[in-house]
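Subject: Structure handover

Hello,

Here is the structure I promised to pass on. Please open it first, then read my notes below.

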Amino acid sequence: MDELKQRMLSQAIVGEGDMIRVDMFLNHCMDMDLMERLGSALAKRFKGEKITKVLTAESSGIALACFTARALGVPVVYAKKFQTGYIDPEVYTAEIHSFSQEKSFTLRVSKPYLSREDVILLVDDILSNGQTILGLLELAAKSGGEVAGVGVAIEKAMRDGGQVLRRMDLRVEALVTVEQVTDGQMVLS
């Protein structure tokens with residue numbers, strides 16, 4: 001998606017290694033017009049898949065998932081990383097490890113919100129090592145629902161997350177792919 005590429009090239013900050021900060025428009029201070037267009041673009045890629053739910057994990061993927069779900073006309077469910085008093089005690093759980101935060105989390109979704117009748121689209125802002133998506137995939141499997149695919153705004157192709165998911169015969173759609181980061185410069189496709 002050309003608009004997202006341009007925003008990344010003009011505003012993203014490349015940090016140490018292959019760290020790419022897009023928090024100034026994508027996942028901290030969000031450009032809502034851009035988010036709506038990104039959600040619509042992901043929804044178009046999965047048009048005709050009979051999706052009934054969009055599933056993401058808190059918190060960075062929620063906005064993109066909401067706009068994608070809105071464009072598809074379906075509910076969005078987000079997996080919580082922290083146990084609260086506001087979640088049904090009957091939950092599906094999956095353990096994930098965040099390499100960027102260097103800690104593990106338990107993802108939780110209340111059982112009434114995912115079922116075997118659901119066709120689920122997994123959505124996140126960035127696909128890197130794939131741990132969050134693998135956790136969401138586990139939650140969907142525990143519910144008995146069918147996974148239509150994975151939609152992300154940005155895929156880091158130099159990491160193995162997308163490759164792992166594609167080897168599992170999952171459809172993975174990225175609006176922008178970062179092929180490599182060299183000397184502080186991103187190569188996008």
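The chain has six helices and 10 strands. Both come from DSSP runs, numbered from the N terminus: helices are H or I of at least four residues, strands are E of at least two. This is a predicted model, in which local features need pLDDT of at least 70, side-chain atom pairs count only at pLDDT 80 or more, and totals for chains, interfaces and linings use all residues. Residues are numbered from 1 along each chain as its sequence is written, and side-chain values use heavy atoms, with hydrogens and water left out.

Overall form

The radius of gyration is 16 Å, which agrees with the value near 16 Å for a compact globule of 189 residues. That radius is taken over C-alpha atoms, and the globule rule is 2.2 Å times the number of residues to the power 0.38. Along the principal axes, the C-alpha atoms fill a box of roughly 50 × 35 × 35 Å.

Of the 189 residues, 49% are buried. Buried means under 20% relative accessible area, exposed means over 50%, and partly exposed lies in between (1.4 Å probe, protein chains only). A contact means heavy atoms within 4.5 Å. Among contacts with a separation of 6 or more, 61% join residues 24 or more positions apart.

Charges

The chain carries 22 positive and 26 negative side chains. Lys and Arg count as positive, Asp and Glu as negative; His and the chain ends are not counted. The centres of the two sets lie 3 Å apart, with each charge placed at NZ of Lys, CZ of Arg, CG of Asp or CD of Glu.

The cores

Which residues have the most contacts inside the largest nonpolar core? They are L4, M8, V22, L26, L38 and I154, in a core of 33 residues. At least two core residues come from each of α1 (2–11), α2 (23–27), α3, α4, β7, β8, β9 (172–182) and β10 (185–188). A second, separate core has 26 residues, including A79, L136, V150 and L165. A nonpolar core here is a set of buried Ala, Val, Leu, Ile, Met, Phe, Trp, Tyr and Cys residues joined through side-chain atoms within 4.5 Å.

Helix α4

Helix α4 covers residues 62–72, and its buried residues are A63, L64, A65, F67, T68 and A69. Their cover includes α3 (32–45), β3 (53–57), β4 (76–79), β7 (119–127) and β8 (146–156). Just after α4, G73 has a positive phi of about 75 degrees.

Helix α2

L26 touches M35, L38, D125, A153 and I154, leaving aside neighbours within four places in sequence. N27 lies in helix α2. Beyond residues up to four places away, N27 touches V22, S60, D125 and I126. N27 and S60 are 33 residues apart along the chain, yet their C-alpha atoms are separated by 5.3 Å.

Around β1

A12 sits in the loop between α1 and β1. Is A12 buried or exposed? A12 is buried, with a relative accessible area of 16%. Neighbours within four places aside, A12 contacts R7, I20, R21, V22, M24, F25 and M186.

I13 is in strand β1 (residues 13–14). I13 is partly exposed, at 41% relative accessible area. Not counting residues up to four places away, I13 touches M19, I20, R21 and M24.

Best wishes
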